[in-house]
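Have a look at the sequence and the model below. This report then takes its parts one at a time.

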Amino acid sequence: MPTEWSSFGECLRDHSIFLSQLPSLVHAYLTVDAKTIESIMLTVNSVNHCSYCTGLHGELARLAGISPEDANKLQTSESATESVKVMDTPAVRFAHAFAK
């Protein structure tokens, strides 16, 4: 079920948090390979569904070289075991646990 903001204040708070974390996110995107990053993002989205993130990271995964079938498997995985069948890295394993 997608998360919805119950107020403008919650929306503003979430965007403020994102902007404060932006330098760290940029650093991660510059130092970790693209397939791993997008596998993490898709795995997190399998737990915390967001239609915007589904579209964004689905396309970024495609650009990173992840097949549409594998991207779909990551986005619909219900456990870390299902996620690592697609991309077996400690980061993907942790991403599912972190998202929960």
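## Basis of the model

This is a predicted model: local features need pLDDT of at least 70, side-chain atom pairs count only at pLDDT 80 or more, and totals for chains, interfaces and linings use all residues. Residues are numbered from 1 along each chain as its sequence is written, and side-chain values use heavy atoms, with hydrogens and water left out.

## The nonpolar core

In soluble globular proteins, nonpolar side chains tend to be buried together. Here the largest nonpolar core has 5 residues: L42, A61, I66, A71 and L74. A nonpolar core is a set of buried Ala, Val, Leu, Ile, Met, Phe, Trp, Tyr and Cys residues joined through side-chain atoms within 4.5 Å. Buried means under 20% relative accessible area, exposed means over 50%, and partly exposed lies in between (1.4 Å probe, protein chains only).

What does L74 touch, leaving aside its neighbours within four places in sequence? L74 is in contact with S39, L42, T43, S46, S83 and V86. Contact means heavy atoms within 4.5 Å.

Helix α6 spans residues 90–99. Helices are DSSP runs (H or I, at least four residues), numbered from the N terminus. Four residues of α6 are buried: V92, A95, H96 and A99. They cover an arc of only 95 degrees around the axis, so they sit on the same side of α6. The arc is that of the directions from the helix axis to the C-beta atoms.

What do the buried residues of α6 pack against? Their partners are α2 (34–47) and α5 (80–86). On the other side of α6, P90, F94, A97 and F98 are exposed.

F18, L19, L22, V26 and L30 make a nonpolar surface patch of about 500 Å². Patches of this kind take residues with over 30% relative accessible area and no salt bridge, with nonpolar side chains (Val, Leu, Ile, Met, Phe, Trp, Tyr) joined within 5 Å. Areas come from the Shrake-Rupley method with a 1.4 Å probe. L22 lies in helix α1 (residues 8–31). L22 is partly exposed, at 34% relative accessible area.

S16 is also placed in α1. S16 is partly exposed, with 42% relative accessibility. Along the chain, S16 and A99 are 83 residues apart, and their C-alpha atoms are separated by 20 Å. V32 belongs to the loop between α1 and α2. V32 is partly exposed, at 36%. V32 and L60 are 28 residues apart in sequence and 14 Å apart in space, C-alpha to C-alpha.

## Salt bridges

Side chains of opposite charge can pair when their charged atoms come close. A salt bridge is a side-chain nitrogen of Lys or Arg within 4 Å of a carboxyl oxygen of Asp or Glu. How many salt bridges does this rule give? The count is 3.

One joins D14 and R13, at 2.9 Å from N to O. D14 is partly exposed at 29%, and R13 is partly exposed at 45%. Another joins E59 and R62, also at 2.9 Å. E59 and R62 are 3 residues apart in helix α3 (residues 51–64), so about one helical turn separates them. E59 is partly exposed at 41%, and R62 is partly exposed at 46%. D88 and R93 meet at 3.0 Å, N to O. D88 is exposed at 56%, whereas R93 is partly exposed at 43%.

How values were computed
Helix = DSSP H or I, 4+ residues; strand = E, 2+ residues; numbered from the N terminus. Patch = residues over 30% accessible without salt bridge, like charges linked within 9 Å, V, L, I, M, F, W, Y side chains within 5 Å.
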